[in-house]
Amino acid sequence: MSNTPGTPTIAVIGAGIAGLSAALAVANGDPDSGLPGQDVTLITKTDLVESNTYHAQGGIAAAIFPDDDPKLHAQDTLAAGAGLCEPKAVDILTREGAEQVRRLIAAGVRFDKHPDGTLLRGLEAAHSRSRVVHAGGDATGKIVELDVSAIVRNTPHIHIIEHAFVVDLVTESVDAHSPAASEAQTAGVTRVIRDIRLFDTPTGELRTLAADRVILATGGAGRLYPYTTNPQVATGDGLAAAWRAGAQVADLEFYQFHPTALGVGEHFLISEAVRGEGAILLNERGERYMTAIDPRAELAPRDVVARENFRQMMAQGGRPVLLDATAIGRKMGLDQAGLAAFLAHRFPTIDAYTRSMGFDWSREPIPVTPAAHYWMGGIRTDLWARTSIRGLYAAGECARTGVQGANRLASNSLLEGLAYGRRAGLAALRDSEDTVWNPQPLLGSATNAQTREITEPQTLAMPSPDTQAEPSAKPTDVRDTIEQTMWHGVGVLRDADGLRHAHSRLTGLVERTQAQAQAALSKVAKTAKKPKTAATATATDDTTAATTTPATATASAPAPGDIADTVTALENRNLAAIGLIAATAALARTESRGAHARTDFPDTDSVQVCSRPFIRG
């Protein structure tokens, strides 16, 4: 793969809709503005299609119908965001996102349609219009991921590297003598991206990939919690790597818990679209309760429904609440057979899974529980996806663009990936070597001095590796400890005591997981295939150097179990670190707002109508 001399080397990490959109933007450029495309490397942790996008069900919200408008969509988004959305970012989301959905349709992505060829659309919580387009009934993410990844595979400028785990981002100091040095300093930019350190999971090899521009599109971190709708790969790798490299992060206290995951098995997501069609929530006594909580009942914002589901569960000994889809039949005037046919057609994936678990939801309610679903916070960016590290961009769930605020509006996630993934790709093409980010202020609707103090980046020091950590502790056991600590201390409902306890435990887990990660890397490096002569991997602040075996030495491949343990150890290092930041941010926010609910501070506070940035000390 080659570029014109002088053009930047661009890499995209992550292959959900944000990463695919970014890669396509780089490869194709922007013909309308005369911006040519160029080669780009797309790096993915496992298979190309495995991502949060692939597992998304409900659909994509887009104001593309005659009775709708991006401004209406923006109003709904701002209302759901509980005062923390950035209006300019939301305007971009709803306008450019609608354009990108139209492009997907034109490209042949298989959205569901009426027999006459017009698009089907659904209504979801807190939307003022039916604007959610879907594919395969309840398999929107899967179909979009498969269709768009097929386009990516057929785009000559895109080079794909699969099964490569991003260990760290390598940066260097901004040249103090460069023409834009003073501008960078004013913007708080002190580092510039140079390389990506990768762990090749098929071979166990550590290698370095040079890159002048890196776009992170690595998704969320649902695996912080034992109950999550996210796949196994969602461990916050890009967010953690950016944090270690010195990027600002914000809004990490806001984790959206989906109200309805199946209460048994793998906690399979029961899409919000089911409630949009008319399903209702019941406690174990068969009583409907959401009508007394919010005038929108089951279609209230997700944080409202998730919290009430959690309270109802606590009141009945922790047992799941019930989702009654038979109410759809009553609403539509269908008998049981007609409802069964409707559910199988409209929600084929959910229907098949629930039946595989022994439920017939056309006859009886099914058990559901809140589960970690989407992180509103992430790497802080400007409106072109630039971060506080020059040459580093972020898009999708790993980014804090300002569009989600304190609570994401349903079906805005894939839309954000489409709109801001493309923006990240175009910015990586256009930006000069000296371009730095231009973030929007974090003041929200508040302007007093106390609020301005809150919006100054808070320095957070990370504990050093605990070299005395028990080497025999299994990475899977450590993962369980992280998950349980987050669920009980930084979960659906929070208070100071629980947060402090979680903060203390997570501090120890950061120390342990750093030590285990560096030990695991050192172990596999000694036996990795294809060693490089006299090559030594450069360590970052909390990872010791892992020296590869000289090429002249005899080396055997690491055992598959050692590679799997190394991946889990690296993921644990990431989860513990970002969990600690989340706990710190949740302790600092002494109010309840959006998805952040504190029982000891149940009200909102006008002083705290702002996002809180953090940076590593």
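Which hand does the crossing of helix 3 and helix 4 have, left-handed or right-handed? I looked this one up to start the page, and the crossing is right-handed. (A crossing is left-handed if the near helix is turned anticlockwise from the far one by less than a right angle, and right-handed if clockwise.)

**Ground rules.** I am working with a predicted model, where local features need pLDDT of at least 70, side-chain atom pairs count only at pLDDT 80 or more, and totals for chains, interfaces and linings use all residues. I number residues from 1 along each chain as its sequence is written, and side-chain values use heavy atoms, with hydrogens and water left out.

**Helix 3 and helix 4.** I take helices (H or I, at least four residues) and strands (E, at least two) as DSSP runs, numbered from the N terminus. The axes of helix 3 (residues 70-80) and helix 4 come within 9 Å and cross at roughly 130 degrees. Axes here are lines fitted to C-alpha atoms, for helices over the stretch in contact, with angles from 0 to 180 degrees between N-to-C directions. Helix 3 is therefore oblique to helix 4; angles under 35 degrees count as roughly parallel, over 145 as roughly antiparallel, 65 to 115 as roughly perpendicular and the rest as oblique. I noted P70, H73, A74, T77 and L78 of helix 3 touching P87, V90, L93, T94 and R95 of helix 4 (contact means heavy atoms within 4.5 Å).

**Helix 4 and helix 13.** Next I followed helix 4 (residues 87-106) to helix 13 (residues 413-430), where the packing angle is about 95 degrees and the axes lie 8 Å apart. So this pair is roughly perpendicular.

I then traced an open sheet of 5 strands in the order 17-15-10-19-18, with mixed pairing. Two strands pair if DSSP finds at least two bridges between them. Strand 17 (399-400) and strand 18 (458-460) are at the edges with a single partner strand each, so one side of each has no neighbour in the sheet. Inside my notes on pairing, strand 10 (residues 249-250) runs antiparallel to strand 19 (residues 613-616), joined by 2 bridges, and V249 sits opposite F614.

**E277.** My last stop was E277, in the loop between helix 8 (272-276) and strand 12 (280-282). Leaving aside neighbours within four places in sequence, E277 contacts I328, K331, F342, R346 and F347.
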